[in-house]
Amino acid sequence: ASSVWRDCPPPWSVPGRVYRGFDGLNQELADFSSWCTNTHEEQSARDQVMQAVEDIVKKIWPEAFVQVYGSSASELTLPNSDLDLVVRQAGKGRPGGWDGNIEALSERDLIEALGRALEVSPWVESLEVRSQARVPICALIHGPTAISLDISVDPETPIAEADNDLSDPASAPPTTAAGGIAAVDLFRRSVSRWSAFRPIGLVLKCYLGQQCLNSPFTGGIGSFKLLMLVLVFLDRVGPEEDHLGKTLLHFLAAFSEEWRFEEVTVGSVTADYTAVFKGKEIRAAFARAHKALSNAVKSQSDSAFFSPLCSILDAARVGEESRRMPLNSGNKDSSPVPGAPEGGASAAPEGGASAVGTEAAARQRQVVRVVQTVSCPSTVKAVKAMFGGLNKKR
């Protein structure tokens, strides 16, 4: 990637701002984070998709409801992120509304039943029923908006409609939908506690996605585990003088070195890294990013479109995948961060997820039932942690 993006600024840039030096990287990280925030149109589209799913769920399980979790629920979503939904009970106990013979149905049976209902819905595209996965899900695309969804079913964790918090988050493994909801609470609190958590987490998610190292099914590191690394780093090492750019570089330097552990725990949430067998490739990617960003902040380029983040991100790809207009074509405000160069007012992109993608419209509907998933071999052994007490539960 190049620190100068073509002949125009990257989509997240703010007119009039100069992203040079450490302060420039600091400001650019803040602007990238602001740009990733869903626009009103995008959030409205996601709400409509969630309602469409709930309408289907209510037809087969009147006592159930749909809840959002994952990055969309914790303010850590990229513009092209999937929407993670879980079907849950609407009251205490096991309602008969799930099915007349609920006791005989497993989570896999329930996801199969949901898949059959989704299969005949006209707005569903590219439906995949992964009933044999560790966490059975229906993966699909909402045709009108091109929003990707992962839907799971959690019949075992009763929740009252008025209370969407887990009564005992510590009892819910992070590999389940209920555990994912417990992680949402942790990440929300962390966004409020650490100003660096959201900007750094979003940039790293985007970077590893472009490096094809973000898929847990191929040994990469998924969003949850990546964000836990960022959180553990901030919790144990702390931010670099409240400076986003320096903190990101510090993280990249630290995790470019060998980090060998099976799990990390913060509060009641634990991330298991035993299936991340592309650790070597991930460390190498972090090392490349550290080198590129370090060189970028030292650059003396006089280009008006200079961007340190473009040294690690393909800005054109970011813009295309977001389905957005450049940041300077809208009207959302963005405030400068302390210590960064001042510039003009920022603006948010318009349109976005509500537009119908041509590819999505042309995509043929297909149903793929995955009979067996491949479990990744455990190649990461717990020898020692990078930081003292990293493996200890807090």
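Helix α7 is largely enclosed by the rest of the structure, because eight of its eleven residues are buried, where buried means under 20% relative accessible area with a 1.4 Å probe and protein chains only. This is a predicted model, in which local features need pLDDT of at least 70 and side-chain atom pairs count only at pLDDT 80 or more, while totals for chains, interfaces and linings use all residues. Residues are numbered from 1 along each chain as its sequence is written, and side-chain values use heavy atoms, with hydrogens and water left out. Helices are DSSP runs (H or I, at least four residues) numbered from the N terminus.

**Helix α7 and its surroundings**

- The buried residues of α7 are Leu244, Gly245, Thr247, Leu248, Leu249, Phe251, Leu252 and Ala254.
- These buried residues pack against α1 (21-36), α5 (197-210), α6 and α8, with contact meaning heavy atoms within 4.5 Å.

**The pairing of α7 with α8**

- The axes of α7 (residues 244-254) and α8 (residues 279-298) come within 8 Å and cross at roughly 145 degrees; axes are lines fitted to C-alpha atoms over the stretch in contact, and angles run from 0 to 180 degrees between N-to-C directions.
- On the α7 side, Leu248, Leu249, Phe251, Leu252 and Ala253 meet Phe286, Ala289, His290, Leu293 and Ser294 of α8.
- The residues of this contact divide into eight nonpolar, two polar and no charged; Ala, Val, Leu, Ile, Met, Phe, Trp, Tyr, Cys and Pro count as nonpolar, Asp, Glu, Lys and Arg as charged, and the others, Gly among them, as polar.

**Nonpolar cores**

- The largest nonpolar core has 60 residues, of which Phe32, Phe197, Met228 and Leu309 touch the most other members; such a core is a set of buried Ala, Val, Leu, Ile, Met, Phe, Trp, Tyr and Cys residues joined through side-chain atoms within 4.5 Å.
- Helix α6 (residues 223-236) supplies the largest share of this core, nine residues.
- A second, separate core of 27 residues includes Ala117, Leu127, Cys138 and Leu149.
- Beyond its neighbours within four places in sequence, Phe32 is in contact with Trp12, Leu78, Leu202, Val203, Cys206, Leu309 and Leu313.

**Cysteines**

- The count of disulfides (pairs of cysteine sulfur atoms within 2.5 Å) comes to zero.
- For Cys36, the nearest cysteine sulfur belongs to Cys206 and is 7.1 Å away.
- Cys36 counts as buried at 0% relative accessibility, and Cys310 is buried with a relative accessible area of 2%.

**Phe306**

- Phe306 lies in the loop between α8 and α9 (315-322) and counts as buried at 5% relative accessibility.
- The C-alpha atoms of Phe306 and Pro9 are separated by 7.6 Å, although the two residues are 297 residues apart along the chain.

Conventions. Helices (H or I, at least four residues) and strands (E, at least two) are DSSP runs, numbered from the N terminus. Buried means under 20% relative accessible area, exposed over 50%, partly exposed in between (1.4 Å probe, protein chains only).
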